[in-house]
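Hello,

Here is the structure I said I would pass on. My notes follow below it.

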Amino acid sequence: MTDDDRLAAELAEQAGQLLLDLRAEGGDPGDLRTAGDRLSHEFLAAELAARRPGDAVLSEEGRDDRSRLAAERVWIVDPLDGTREFGEPGRTDWAVHVALWEHGALTAGAVALPAQGQVLATTAPPVVPPVNGSEGPLRVVVSRTRPPAFLERLSGEMSVTLLPLGSAGAKAAAVLRGEADAYIHAGGQYEWDSAAPAAVALAAGLHASRLDGSALQYNQPDPVLPDILICPVALAECPAPCEVLARRAQC
């Protein structure tokens with residue numbers, strides 16, 4: 001565990017507490033979402049500027065400073081992932097993502113789930129329970145609003161249960177905690193959506209890649225990173241990620 005691991009976890013947790021306090025004040029859901037995005041971004045940007053002044057920052061809510069492309073260390077943050085859910089009373093599937101990209105790879109990360117009272121981080125990667133296996137349907141966590149069309153079709157043809165959730169961090173957490181067997185998204189994302197979840201998943205020994213099996217690439221000129229697969233390595237070793245659904249853990 002490094003100082004960067006600890007910092008990622010600390011900042012994600014602290015930003016999450018600020019968001020919990022703001023949410024407790026109530027108010028118009030739209031105003032709450034806007035205020036939450038701004039509050040968390042300003043906190044994270046200020047803390048990283050003070051505590052890692054030589055590093056670049058790529059934030060969903062910040063201006064994309066293209067000088068980051070020449071930087072050796074870039075913090076990739078989503079100050080409030082699951083903004084929609086944050087504005088819905090009672091929902092807990094929103095998160096704060098803080099990750100560090102260094103020399104071409106993710107080296108630290110944390111996903112805070114403030115409304116669930118949990119921080120999943122590379123400081124102490126969670127122990128992932130065994131995969132669901134061949135008994136019962138394969139549990140696939142998907143977007144509430146943009147589930148991949150092929151999964152919806154397959155769920156009507158074979159034994160697949162789709163579990164819709166909000167934040168990408170909450171979806172990855174479901175796999176990390178053994179509540180789902182895979183997280184699959186194909187509806188468009190950005191680097192800040194997946195960097196921290198992928199960092200924690202990889203540190204915990206899970207597989208994380210594009211849907212075609214290629215590596216997730218960060219600190220790219222265009223931060224769009226449209227799809228992702230997070231699952232146990234045994235499932236990912238099928239010939240193609242979509243075959244995970246057809247062949248299950250028997251690959």
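Asp37 sits in helix H2, residues 29–51 (helices are DSSP runs of H or I of at least four residues, strands are E runs of at least two, both numbered from the N terminus). This is a predicted model, in which local features need pLDDT of at least 70 and side-chain atom pairs count only at pLDDT 80 or more, while totals for chains, interfaces and linings use all residues. Residues are numbered from 1 along each chain as its sequence is written, and side-chain values use heavy atoms, with hydrogens and water left out.

Asp37 is buried (under 20% relative accessible area, 1.4 Å probe, protein chains only). Asp37 has no salt bridge (a side-chain nitrogen of Lys or Arg within 4 Å of a carboxyl oxygen of Asp or Glu). The nearest side chain of opposite charge is Arg33, 8.1 Å away; Lys and Arg count as positive, Asp and Glu as negative, and His and the chain ends are not counted. Leaving aside neighbours within four places in sequence, Asp37 is in contact with Glu61, Pro79, Leu80 and Thr83 (heavy atoms within 4.5 Å).

Asp78 is in strand E2, residues 73–81. Asp78 counts as buried because its relative accessibility is 0%. Not counting residues up to four places away in sequence, Asp78 touches Glu60, Ala95, Val96, His97, Trp192 and Asp193.

Helix H1 (residues 3–24) packs with H2 at an angle of about 150 degrees, the axes being 10 Å apart (lines fitted to C-alpha atoms over the stretch in contact, with angles from 0 to 180 degrees between N-to-C directions). The two helices H1 and H2 are therefore roughly antiparallel (over 145 degrees).

Regards

Technical notes. Buried < 20%, exposed > 50% of the residue type's maximum accessible area, 1.4 Å probe, protein only. Parallel < 35°, antiparallel > 145°, perpendicular 65-115°, else oblique.
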